[in-house]
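I opened this model to look up its aromatic pairs, its sheets and a few single residues. My notes follow in the order in which I took them.

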Amino acid sequence: MSSILPSDALGRRILCDMEYATVQYVGSVPPTKGLWIGVEWDNPQRGKHDGNHKGIRYFKCRHPTGGSFIRPDKVNFGVGFLTAVKNRYGLNDEQDVACGKDDELVLGKKTVELVGFDSVLEEQSQLNKLENISVRECAVSHVGQKEEINRTCPIIKSIDLSKNLLSSWETVIDIASQVQNLEILHLSENKMKFPSAATPGSGTFDKLRVLALNRTGVTWVEVLLCAPGWPALEELYLASNDITVLERPTNVLQTLKLLDLSSNQLIDGNQLHLIAHLPRLEKLILSDTGISSVCFPDAEFGKKAKMFPSLKHLVVDNNKISQWSFVNELDKLQSLESLQCWNNPLGPEKSPETLRQLIIAKIGQLKFLNKSEILPQERKGAELDYRKMFGNEWLAAGGHQDPDKNRPHEEFLAAHPRYQLLCLRHSSESWLQIPALNWSNKEWTLRVPCARGVFSTSGYHAFWGGAISPSFHCCIA
């Protein structure tokens, strides 16, 4: 094997001409001479075949054009973590950055003007003072020299390792084990291998509060296998990982406050039951998951469910929610305060203003809708309009203002579970229904109940130029 190849090249992540890939084969490809590396590209349009070359299967790809053979000298296998940090913050000799005039900086072939840059460089070059480090897209592939990270950057609390060449969770552990106070770790866009067996807590991530694993290819099962090592985790981001099946966490993720499952095709809302008993979960992000329905069977309408006991914020943008039963179910959540539900086919014939009113009326404890605060006056108006909008339907279903005669059928109550409550809450607010009359040359009297008595207007009135000119009188009780 060529000396420029690492001994563990197979399975490693590589960079070639700004494209990312995974090594699937190392060896000869007859009749050509020399060593070849067979790779599966992240971008399948970059390849030429699926690992089958001239009738010989060298490796397998998920896409028919996802594979290629490239020479080892074209491949970048990455650098160690500390080398990347020094390149990014220390401006060492290996970085392609040079200083020109006092007020200019040359980056490659580009020259940019410096504005207070000297103080920035001076501060960032002092690596031992850095608490927050970002080496995003710096081709980090391994830990580098042992114990050097802790000696060079002893007070790191946050690391952004997104879009690098990390191949396995073990490499992440190697890096994190040298960071004693790690609280925030971003690993998104690294296609890694995760453990296939339970990982006991080693103390490496005991202080970790925030973990981002978007677009890493991790499954929910793998998350649960790693989770024992995250005893203090509060925020977990798992967007775009093709997670389709959930399992109930057992003695793990019990400290979680935020879970992002967006852009995973869960589809079946019943999958949510498996994570419904996370005791501290306050925010759940389910955007673009294909979800269309949800049900909390442990509570009847008008009652509060035990599921999701701490959930305050729910995000369900860009889904397939078309039935009002979805919104009705959300009223069962005992702590829900904020809902985002943009781009759903819910009542497409209704205006955005009407949709907002209906959602507010249906979810009694909601304080924010689509990031806009619901003020008390807006809620009152929405609930009164809801009463008026479905008043005739309520009466036709057996509803009545006399409690002894009020017996709406189950179908109406299922479609409008809060309607009876709103009737009681706003019992002093009644809508006025005036029968159609021929006003021309009529004598009439209209009496309207009010807080202190009765407003009354009466007399002989006629249209003149299409308008009515009544005179009003007030009788104070």
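The entries below go from ground rules to rings, then to sheets, then to single residues.

**Ground rules.** I am working on a predicted model, in which local features need pLDDT of at least 70, side-chain atom pairs count only at pLDDT 80 or more, and totals for chains, interfaces and linings use all residues. Residues are numbered from 1 along each chain as its sequence is written, and side-chain values use heavy atoms, with hydrogens and water left out.

**Aromatic pairs.** I took rings of Phe, Tyr and Trp (its six-membered ring) as a pair if their centres lie within 6.5 Å, with planes under 30 degrees apart called stacked, over 60 edge-to-face and the rest tilted. By this rule I get 12 aromatic pairs. One of them is Phe-59 with Phe-69, an edge-to-face pair at 5.7 Å centre to centre and 80° between the planes. Phe-59 sits in the loop between strand S5 (56-57) and strand S6 (67-70), and Phe-69 sits in S6, so this pair ties together parts that are 10 residues apart in sequence. Phe-59 and Phe-69 are both buried, where buried is under 20% relative accessible area, exposed is over 50% and partly exposed is in between (1.4 Å probe, protein chains only).

I then looked up Tyr-386 and Tyr-419. Their ring centres are 6.0 Å apart and their planes stand at 50°, so I logged the pair as tilted. Tyr-386 belongs to helix H8 (residues 376-389) and Tyr-419 to helix H11 (residues 419-425), so the pair ties together parts that are 33 residues apart in sequence. Both tyrosines, Tyr-386 and Tyr-419, are buried. They also belong to one aromatic cluster with Phe-390, Trp-394 and Phe-412.

**Charges over rings.** My test was NZ of Lys or CZ of Arg within 6 Å of the ring centre and within 35 degrees of the ring normal. Arg-71 lies over the face of Trp-36, at 3.7 Å from the ring centre. Lys-332 lies over the face of Phe-301, at 4.6 Å from the ring centre.

**Lys-332.** Is Lys-332 buried or exposed? Its relative accessibility is 5%, so Lys-332 counts as buried. Its side chain reaches the backbone oxygen of Ala-299 at 2.8 Å. A polar contact here is a pair of N or O atoms within 3.5 Å; within protein, one must be able to donate a hydrogen and the other to accept it, and residues adjacent in sequence count only if both atoms are side-chain atoms. Setting aside residues up to four places away in sequence, Lys-332 touches Phe-296, Ala-299, Glu-300, Phe-301, Lys-303, Lys-304 and Ala-305; contact means heavy atoms within 4.5 Å.

**The four-stranded sheet.** I read an open sheet of four strands in the order S1-S2-S3-S6, with antiparallel pairing; two strands pair if DSSP finds at least two bridges between them. Its edge strands are S1 (13-16) and S6, each pairing on one side only. S1 has both faces covered: Arg-13 and Leu-15 on one side and Ile-14 and Cys-16 on the other are all buried. Four bridges join S1 to strand S2 (residues 19-27) in the antiparallel sense, and Cys-16 stands opposite Glu-19 in S2. The hairpin of S1 and S2 has two residues between the strands, and Asp-17 takes a positive phi near 55° there. S6 pairs with strand S3 (residues 36-41), antiparallel, over four bridges. Phe-69 in S6 is the bridge partner of Gly-38.

**The 11-stranded sheet.** This open sheet has mixed pairing and the order S11-S13-S14-S15-S16-S17-S18-S19-S20-S21-S22. Strands S11 (132-134) and S22 (372-373) form its edges, each pairing on one side only. S11 and strand S13 (residues 158-160) run parallel and are joined by three bridges, with Ile-133 opposite Ile-159 in S13.

**His-426.** I found this residue in the loop between H11 and strand S23 (442-450). His-426 is buried, with a relative accessible area of 8%. Beyond its neighbours within four places in sequence, His-426 is in contact with Lys-380, Glu-383, Leu-384 and Arg-387.
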